[in-house]
Amino acid sequence: MEAIVYKEFGGPDVLRHEEAEKPEPGLGQVRVKVAVAGVNPLDYKRRNGWVEEFYPTTFPMIPGLEFAGTVDAIGEGVTHVAVGDEVMGWTETGAYAEYAIAGDIVVKPAKLSWELAAALPVAGETAQRVFDLLRVKAGETLLLHGAAGVVGTVAVQLAVAAGLTVIGTASPANHDHLRALGAVPVAYGEGLAERVKEAAPQGIDAVFDAAGAGVLPLSIELVGGSAERVVTIADPDAAAHGVVFTGGGTPSEAVRAGLTEHARLAAEGRLDVRIAEVFPLADAAKAHELSESGHARGKLLIKI
């Protein structure tokens with residue numbers, strides 16, 4: 001099968017488009033013919049060797065966490081899907097490939113595009129995991145740093161639907177987009193605290209940091225001086241401030257149920273992810289370059 005493989009840590013140039021062995025599904029697993037793979041910041045962080053403490057690498061490595069595709073073969077004990085079913089979820093062998101092995105999948109709604117199906121698993125699971133850690137509830141006000149990013153925009157939509165008021169930090173160029181999603185946008189940078197207080201005179205109940213731009217001390221101040229209801233997915237200095245850092249969920253029945261619900265909402269047009277660019281498999285290195293630059297305005301995808 002065709003795949004993107006790297007055999008050493010380094011920049012995007014270590015990614016190679018080459019032939020790899022087609023994987024076989026084991027107990028409780030399925031093999032999927034991948035249609036579209038999602039590109040996430042963790043992909044380039046792993047490629048650089050920056051997160052070995054949390055995600056140890058075995059070479060050769062096929063990158064990619066999330067995908068949408070068609071079940072091609074099933075292993076022993078699989079009864080919830082059949083060959084030919086269109087599915088979405090997380091892969092165990094890397095998504096930048098013609099075929100991938102997966103155990104955590106849900107059926108893709110027929111009306112949901114392949115692109116949106118591949119863009120949802122990681123962002124939706126991340127947003128829900130942080131909401132659970134923050135114990136947010138209807139009527140509260142959430143400050144969301146990095147609200148215009150992929151995780152941020154999904155989080156905004158889910159939070160608004162759950163009855164929260166969302167104050168979202170973003171560059172002015174993204175403010176209209178955030179307003180359309182139901183958030184109150186504020187510009188980041190100097191004077192942020194004052195702008196947040198003006199936008200939310202009722203106060204901030206919880207903070208979701210999806211930006212990792214050194215905003216944790218300010219966030220703690222805005223929620224009254226306690227780090228208890230501040231969570232980050234992006235700031236490695238979290239522990240120094242007493243803030244919870246969460247970097248990945250454990251697949252479970254609850255996670256799959258969450259993805260099923262997010263897919264339903266997306267199929268009904270009630271949850272969206274802005275797609276920045278779709279690359280062919282051979283151009284995975286270009287996708288990584290853009291992802292690492294931080295300049296992509298939306299989700300990056302790879303079409304297999």
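Predicted model: local features only at pLDDT ≥ 70, side-chain atom pairs only at ≥ 80, totals over all residues.
1. Residues are numbered from 1 along each chain as its sequence is written, and side-chain values use heavy atoms, leaving out hydrogens and water.

2. Have a look at Lys299 and Glu66, whose side chains meet in a salt bridge at 2.6 Å, N to O. The pair links distant parts of the chain, with Lys299 in strand β14 (residues 299-303) and Glu66 in strand β4 (residues 66-74), 233 residues apart. Strands (E, at least two residues) and helices (H or I, at least four) are DSSP runs, numbered from the N terminus. Both Lys299 and Glu66 are buried; buried means under 20% relative accessible area, exposed over 50%, and partly exposed in between (1.4 Å probe, protein chains only).

3. Arg31 and Glu24 also form a salt bridge, their closest N and O atoms being 3.2 Å apart. Here Arg31 is buried at 10% relative accessibility, whereas Glu24 is exposed at 58%.

4. Now to helix α1 (residues 41-48): six of its eight residues are buried, so the helix is largely enclosed by the rest of the structure. Those buried residues pack against β3 (30-39) and α8 (284-293). Gly49, with a positive phi near 80 degrees, follows α1.

Key: Contact = heavy atoms within 4.5 Å. Salt bridge = Lys/Arg side-chain N within 4 Å of Asp/Glu carboxyl O.
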